[in-house]
Amino acid sequence: MFKKRILVGCLMFCVLLTGCNKSKEQAPAEETTKNEESTENTQEETAEMVAESENEEAFLPITVEEFSKYGMDPVTYISTGDVTYQKVELSSVGEEKYPALAKALEERNNEQKEMAEFYYQDMNSMIDAFLEESEDSEIPEPLTSMEFTVNTKVYRADKNVLCLLSNEYAYLGGAHPTWDYIGENYDPATGKKLELSDVVLDIDRFYEVVDKKLQEEYYDVVDGLITLEQYRQDLVEYNSKENFAVGYEGITMIFNAYTLGAYASGSQEITIDYDEYPELFADSVKEVPSRYVIPLNGTHYNKIDLDGNGNYEEIYVEQKYVDDYSNTPSLILGKRSAQIADYCYKEESYLININGHYYCYSFLGMENDYNVLHILDLDTMRMRENDGWNLDFTTLSYSSEYEEDYTAYTWKTEPFVNPYQVNLSSRQYMLSTYDGSKTYSILENGELEAKELYYKTNTGIVLKTKIDVECQEVDEEGNVIAETVLPAGTFVSFLRTDGEKIVDFVIVDTANVEKNGGDEFVYYSLINRNVYKSGDRIYRITSGKDEEYSTAINGIEEFEVFEGILYAG
């Protein structure tokens with residue numbers, strides 16, 4: 001568009017000089033105004049393009065890999081350990097740009113792993129000791145429900161701050177479990193773990209504001225809490241650090257149970273907003289992108305000033321359980337509420353700020369592993385028209401391990417931190433059932449826009465041609481190169497699809513194919529899913545409908561063309 005405007009401007013300029021035979025000074029005032037407006041529009045458009053590019057690049061390229069291990073005694077089938085934690089890493093691009101942060105995260109991930117292994121072994125030891133001492137195979141409930149779980153969310157991830165906020169749950173027997181929120185804040189440039197004094201300019205004044213808000217927000221329990229002065233003295237005495245989270249909109253002080261009061265007093269969290277007290281904070285933490293994403297699940301409560309009038313309202317998702325497996329989620333904003341769905345089996349919600357306008361994105365898991373995205377405009381507390389997109393977060397990798405005495409798995413995803421670039425998957429039904437992913441960006445009106453034409457697939461499903469199949473060879477951009485034929489007996493794996501008629505395949509070596517099923521039905525799967533390398537030949541199959549309205553390829557019913565097609569259900 002920018003180039004087109006320049007070209008049109010040049011042509012108009014030439015016409016004014018030659019066709020009308022007038023100099024700039026002789027041009028009518030109306031034409032001069034139009035030229036000036038065109039220049040201003042071009043400059044504004046250029047500034048917007050630069051600003052958007054800078055904002056998009058401001059976010060850190062992060063991946064999160066969850067590790068879970070569940071132990072079971074092979075004789076008594078009693079739980080011997082249950083641990084979960086997350087490893088947070090930069091992508092390869094991020095490692096090159098922020099090497100110090102990559103190293104700091106590696107150290108952090110090792111600590112998380114060591115802690116999880118310690119708890120797992122501790123649980124194992126307690127169960128083993130009980131089994132040795134007791135002739136009764138009935139294990140007391142406190143031992144059978146032991147668990148250590150860490151749920152880490154990327155709370156902020158831009159060029160100025162990486163904030164990880166973890167919800168740690170631990171129960172190793174005793175009167176009750178413990179829940180702790182832990183904030184970890186890093187300087188991406190240096191990899192340094194930030195202290196409160198790095199981001200707050202006036203600590204004493206900051207604590208005065210915290211104390212004021214503590215009195216207002218926790219008036220019912222504040223008399224039973226120690227003073228912040230005593231809290232600060234305890235930090236010095238025990239060589240401890242403040243527990244806090246540096247967000248996009250403010251800094252939250254986190255006081256877990258037993259910090260200021262007894263377990264019955266619960267935890268206290270106080271957020272000081274940058275806009276409310278700008279003089280208290282370093283410029284680096286106040287400098288935030290014009291668009292950002294804040295997770296609403298697994299983190300502390302959030303408050304937002306919806307209309308900028310200084311009135312901060314609490315926002316969270318409330319669950320009303322229908323049964324043991326499903327619930328009805330509703331968004332609560334101050335005194336208003338909006339039901340997100342009649343029911344779901346899982347829910348993950350995010351607060352989206354687009355230039356001061358707020359939306360809620362809720363990703364819901366439904367029956368048959370079907371996933372739906374609902375978008376709620378917080379100004380109106382209403383869902384978008386044509387709401388209910390079949391979208392969920394893309395799984396980058398998954399692996400599982402089954403042994404006699406334990407089950408373990410890892411699950412790697414790309415967290416939702418960059419509103420300009422988020423990978424989402426949707427259910428596809430082209431020659432099998434599988435997920436396909438695209439990169440999306442959030443528009444000014446809060447809706448999603450796909451940045452790619454094709455859904456990328458990594459299904460693990462392999463098809464075998466039953467007959468010679470006429471098809472096309474295409475390049476990486478999807479341009480047709482030539483007409484060709486896939487011979488009968490060829491193994492192919494999915495590469496991408498448009499979700500409607502086109503599926504692009506790559507040929508798979510027989511050594512990388514595992515045969516499954518029996519005499520009545522045979523299907524195939526990949527041993528190693530990384531089958532495509534740049535430059536490999538890509539084959540395009542275009543499907544349609546036969547006379548019975550079944551999917552057909554070149555007029556032949558799909559099951560007559562391919563062996564191994566797998567449809568869910």
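Is Asn390 buried or exposed? I started my notes with that one, keeping in mind that the model is predicted.

**Entry 1: Asn390**

I found Asn390 in the loop between β17 (382-383) and β18 (392-393). Its relative accessible area is 17%, so Asn390 counts as buried, the cut-off being under 20%. Next I looked up the polar partners of its side chain. A polar atom of the Asn390 side chain lies 2.8 Å from the backbone oxygen of Asn371. The side chain of Asn390 also reaches the backbone nitrogen of Arg427, at 2.7 Å. I then listed the contacts of Asn390, leaving aside neighbours within four places in sequence: Tyr370, Asn371, Ser425, Ser426 and Arg427.

**Entry 2: Val88**

On to a residue in a strand. Val88 sits in β2, which spans residues 79-90. I noted a relative accessible area of 0% for Val88, so this residue is buried. Not counting residues up to four places away in sequence, Val88 touches Ile62, Thr63, Val64, Leu105, Arg108, Asn109, Thr152 and Leu164. I also checked Val88 against Val154: they are 66 residues apart in sequence, and their C-alpha atoms are 8.6 Å apart in space.

**Entry 3: α7 and α8**

Two packed helices are described by the angle between their axes and the distance between the axes, and I looked up both. The axes of α7 (residues 203-217) and α8 (residues 228-237) come within 10 Å and cross at roughly 130 degrees. That angle makes α7 oblique to α8. From α7, I wrote down Ile203, Asp204, Tyr207, Val210, Asp211 and Leu214; from α8, they meet Leu228, Tyr231, Arg232 and Leu235. Sorted by class, this contact has 7 nonpolar and 3 charged residues, with no polar ones.

Apart from residues up to four places away in sequence, Leu378 touches Ile304, Leu306, Ile315, Leu331, Leu333, Arg336, Leu351, Tyr358, Tyr359 and Cys360.

Key. Residues are numbered from 1 along each chain as its sequence is written. This is a predicted model: local features need pLDDT of at least 70, side-chain atom pairs count only at pLDDT 80 or more; totals for chains, interfaces and linings use all residues. Side-chain values use heavy atoms; hydrogens and water are left out. Helices (H or I, at least four residues) and strands (E, at least two) are DSSP runs, numbered from the N terminus. Buried means under 20% relative accessible area, exposed over 50%, partly exposed in between (1.4 Å probe, protein chains only). A polar contact is a pair of N or O atoms within 3.5 Å; within protein, one must be able to donate a hydrogen and the other to accept it, and residues adjacent in sequence count only if both atoms are side-chain atoms. Contact means heavy atoms within 4.5 Å. Axes are lines fitted to C-alpha atoms, for helices over the stretch in contact, and angles run from 0 to 180 degrees between N-to-C directions. Angles under 35 degrees count as roughly parallel, over 145 as roughly antiparallel, 65 to 115 as roughly perpendicular and the rest as oblique. Ala, Val, Leu, Ile, Met, Phe, Trp, Tyr, Cys and Pro count as nonpolar, Asp, Glu, Lys and Arg as charged, and the others, Gly among them, as polar.
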